[in-house]
Amino acid sequence: MRTDLIADKAASLQPSGIRKFFDIVAEMEDVISLGVGEPDFDTPWHIRDEGIYSLEKGRTFYTSNSGLKELRMEIAAYLQRTQGLDYHYMSQIFVTVGGSEAIDLAMRAMINPGDEVLIPQPSYVSYEPCVVMADGKPVIIELKEENRFRLTPEELEAAITPKTKILVMPFPNNPTGAIMEREDLEKLVPVIQKHDLFVVSDEIYAELTYGGKQHVSIASLPGMQERTILINGFSKAYAMTGWRLGYACGPKDVIRQMVKIHQYCIMCAPTTSQYAAVEALRNGDEDVRRMRESYDERRRFVLHTLREMGLPCFEPEGAFYVFPCIKEFGMTSDEFATNLLKEEKVAIVPGTAFGSCGEGYLRISYAYSIESLKKALKRLENYVRKLREK
């Protein structure tokens, strides 16, 4: 067999630090996992019922490449009432197979070889490889806990070069739970406009903010809608991970190119999922509120428990993760997580899965029942106590 069978770009990609870790979990018994970023709620019944009804009515054909007209109209109405954004459903919105496809398509539609893309980290694992596969150059901006893991204009300015084209905005953030408030975003806008940057804003956790905070899209600020691709979806807010449905909104010229790539590699998002998503947007606000309140209760419980065991932890204000610091133990994040799994059978994700600047931290998801959280945190406390007694 020839030795150059595998493309260099593909071979250079590292496996997801999350999936790599949970391959080990799959082979173990009696493990409590706090690692997967997935709601533990079932998709609300009225949403499932609409999907079932669409099947019963034989709605099993391809939709438009851009998605169902009704769904795109509902997305436009949702963004208008939540963010004050005006997008035309025909030319500025299209439906994707999850938010991850939208990230990939945005990069492939806009990046030329050598273009630099700024990626604040720690952050979701897909941004960097998507840039690499589009022949761009990822440039990492290390977010700092002393800044509440928010991006500052000084950090942004320092990372920009003449080759910089795109800024990724991963807020609310996975894994830290950090958010960007309006005043934080307003400080970035002059820098973005000064250097004529484009923004890819991943807002998949937009509905999951706490403490009375409301998500603000950077696209809603003056002069930013025309230079932003807004990405969102249904996985997190509506507990629809397996339905694989997201969307992208932005300037029609960019959206047109994204749809063109999408039509060749995907054709369209799942039809059944699209009908269910129409119902989610029309009648799902109360479901979102109920789940958000439950996550907030868990968030406060986990923070309190971590602080009681003496693990310092930044207070997250979005998503459903905490990011405690374990630097006191002199272990790498991977060592800590691996040994915790072996000794106490609790699975959490090393901070380095989200970038090298995640070293010394762990990501714990609280998208689990209080009962499961209590058991897992008790085991974590036992492990921490043993480390301190050494």
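**Salt bridges up close**

Let's start with a local pair: Asp253 and Arg256 join their side chains in a salt bridge, 3.2 Å from N to O. Keep in mind that this is a predicted model. Both residues sit in helix 9, 3 residues apart, or about one turn of the helix. Asp253 is partly exposed at 48% relative accessibility, and Arg256 is partly exposed too, at 45%.

In total, the structure has 31 salt bridges. One of them puts Arg81 and Asp285 together, at 3.1 Å from N to O. Arg81 belongs to helix 4 (residues 69-83) and Asp285 to helix 11 (residues 285-308), so this pair ties together parts that are 204 residues apart in sequence. Arg81 is partly exposed, with a relative accessible area of 46%, and Asp285 is partly exposed with 40%.

Arg150 and Asp184 form a salt bridge whose closest N and O atoms are 2.6 Å apart. Arg150 sits in the loop between strand 4 and helix 7 (153-159), while Asp184 is in helix 8 (residues 182-194), so the pair links distant parts of the chain, 34 residues apart. With the cut-off for buried at under 20% relative accessible area, Arg150 counts as buried at 10%, and Asp184 does as well at 15%.

Arg150 and Asp184 also belong to a network of salt bridges, where they're linked with Arg148, Glu181, Lys213 and Glu317.

Methods:
Residues are numbered from 1 along each chain as its sequence is written. This is a predicted model: local features need pLDDT of at least 70, side-chain atom pairs count only at pLDDT 80 or more; totals for chains, interfaces and linings use all residues. Side-chain values use heavy atoms; hydrogens and water are left out. A salt bridge is a side-chain nitrogen of Lys or Arg within 4 Å of a carboxyl oxygen of Asp or Glu. Helices (H or I, at least four residues) and strands (E, at least two) are DSSP runs, numbered from the N terminus. Buried means under 20% relative accessible area, exposed over 50%, partly exposed in between (1.4 Å probe, protein chains only).
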